[in-house]
Structure formats: structure tokens, C-alpha cells
Amino acid sequence: MSDTPSTLKPGREQVAAIVIEAVQEALAITHKAAAGESAATGPVTEETCLIGQSAVLDSMGLVTAILDIEQRLADEYDAVLVLADERAMSQKNSPFRSVRSLTDYVCQRLEALAAAPHH
């Protein structure tokens with residue numbers, strides 16, 4: 001538990017909403033760039049694949065979504081995270097597999113950030 005009540009930590013639902021919105025934004029940008037086609041991928045849910053054969057985003061779209069998530073967490077919760085770092089890349093199962101795994105990973109990182117001693 002943190003002694004700093006000014007630090008508002010998002011719950012899992014808020015993190016999931018941020019991740020889904022970021023993926024939707026990245027999809028919109030990607031599809032606009034690809035001849036203005038409409039997104040035929042269906043709604044983004046926690047089951048939506050982010051990497052692999054059935055991924056809804058290409059690599060640039062994924063980078064865009066990750067940067068958007070980091071920015072939203074910084075803007076809305078004053079939480080500074082770098083999600084695509086060595087820690088993420090060295091995991092046996094990529095945290096970028098799906099919206100669910102990315103949401104879980106962001107929650108883990110936020111927990112670690114909250115538990116870290118503040119200077």
C-alpha cells in the first residue's frame with residue numbers, strides 16, 4: 001500500500017478500457033492509412049489478438065497502441081511506464097499477445113510502480 005493518496009491507481013477495468021481504446025485508435029489510423037477502408041475486424045475485446053497470424057494490428061499499429069497506452073497512463077494517472085522494454089521482451093509469453101495479456105501486464109507494472117519507494 002502506498003502512503004501517497006495523491007497517486008490514483010487505475011483498476012483493471014480502467015486499464016482494459018485504456019488498452020481497448022488505444023487498440024481501436026491504432027486500428028483507425030492503420031485503416032485510414034490503408035486506402036481509407038473501414039475496420040472489418042469487429043469490436044475490440046479482451047480476446048482480440050495483437051500479435052501472430054490473427055493479429056488485428058501490424059507492427060507499427062502495435063507500437064502506436066503501446067505509445068498511446070503509455071501516454072494515457074501518464075496523462076490520466078501520472079503513471080510513467082515503458083511497456084516495450086527488456087522486461088516485456090524477455091518474458092516467455094509475450095504480454096502483447098492479446099488485449100487481455102497486455103491489460104494484465106499493464107496492471108502488473110502499475111502494481112510494481114505503486115510498490116516502489118517514492119523519492
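This is a predicted model: local features need pLDDT of at least 70, side-chain atom pairs count only at pLDDT 80 or more; totals for chains, interfaces and linings use all residues.
Let me begin with a term: a residue is called buried under 20% relative accessible area, exposed over 50%, and partly exposed in between. Glu 25 comes out at 43%, so it is partly exposed.

First, the overall layout. The chain contains four helices and zero strands, and from the N terminus the order of elements is α-α-α-α. There are 119 residues in the chain, and 37% of them are buried. The exposed surface comes to about 7400 Å², with carbon and sulfur atoms supplying 55% of that area. On contacts: taking those between residues at least 6 apart in sequence, 68% join residues at least 24 apart.

Setting aside residues up to four places away in sequence, Leu 73 touches Pro 10, Ile 18, Asp 78, Ala 79, Leu 81, Val 106 and Leu 110.

Is Asp 78 buried or exposed? Its relative accessible area is 66%, and the cut-off for exposed is over 50%, so Asp 78 is exposed.

Back to Glu 25, as promised. It belongs to helix α1, which covers residues 12–33. Beyond its neighbours within four places in sequence, Glu 25 contacts Asp 68 and Arg 72. For a sense of the spacing, Glu 25 and Thr 64 lie 39 residues apart in sequence, and their C-alpha atoms are 8.6 Å apart.

Side chains of opposite charge can pair when their charged atoms come close. How many salt bridges does the structure hold? The count is eight, and I will go through three of them.

One is between Glu 21 and Arg 72, at 2.5 Å from N to O. This pair links distant parts of the chain, with Glu 21 in helix α1 and Arg 72 in helix α2, 51 residues apart. The two partners fall in separate classes: Glu 21 is partly exposed at 38% relative accessibility, whereas Arg 72 is buried at 15%.

Another joins the side chains of Asp 104 and Arg 12, at 2.7 Å from N to O. Because Asp 104 lies in helix α4 and Arg 12 in helix α1, the pair ties together parts that are 92 residues apart in sequence. Asp 104 is partly exposed at 31%, and Arg 12 is partly exposed at 32%.

Then there is Glu 47 with Arg 100, whose closest N and O atoms are 2.1 Å apart. Glu 47 lies in the loop between α1 and α2 and Arg 100 in helix α4, so this pair ties together parts that are 53 residues apart in sequence. Glu 47 counts as exposed at 53%, while Arg 100 is partly exposed at 35%.

Which residues are linked in a network of salt bridges? They are Arg 12, Glu 46, Glu 47, Arg 100 and Asp 104.

At 9% relative accessibility, Ser 101 is buried. Its side chain reaches the backbone nitrogen of Arg 97 at 3.3 Å. Apart from neighbours within four places in sequence, Ser 101 contacts Ser 94, Pro 95 and Phe 96.

A pair of rings is described by the distance of the centres and the angle of the planes. The count here is one. Phe 96 and Tyr 105 form that pair, edge-to-face, with 6.5 Å centre to centre and 70° between the planes. Both Phe 96 and Tyr 105 are buried.

Definitions and conventions
Residues are numbered from 1 along each chain as its sequence is written. Side-chain values use heavy atoms; hydrogens and water are left out. Helices (H or I, at least four residues) and strands (E, at least two) are DSSP runs, numbered from the N terminus. Buried means under 20% relative accessible area, exposed over 50%, partly exposed in between (1.4 Å probe, protein chains only). Contact means heavy atoms within 4.5 Å. A polar contact is a pair of N or O atoms within 3.5 Å; within protein, one must be able to donate a hydrogen and the other to accept it, and residues adjacent in sequence count only if both atoms are side-chain atoms. Rings of Phe, Tyr and Trp (its six-membered ring) pair if their centres lie within 6.5 Å; planes under 30 degrees apart count as stacked, over 60 as edge-to-face and the rest as tilted. Accessible areas come from the Shrake-Rupley method with a 1.4 Å probe; for residues, only the protein chains shown count as cover. A salt bridge is a side-chain nitrogen of Lys or Arg within 4 Å of a carboxyl oxygen of Asp or Glu.
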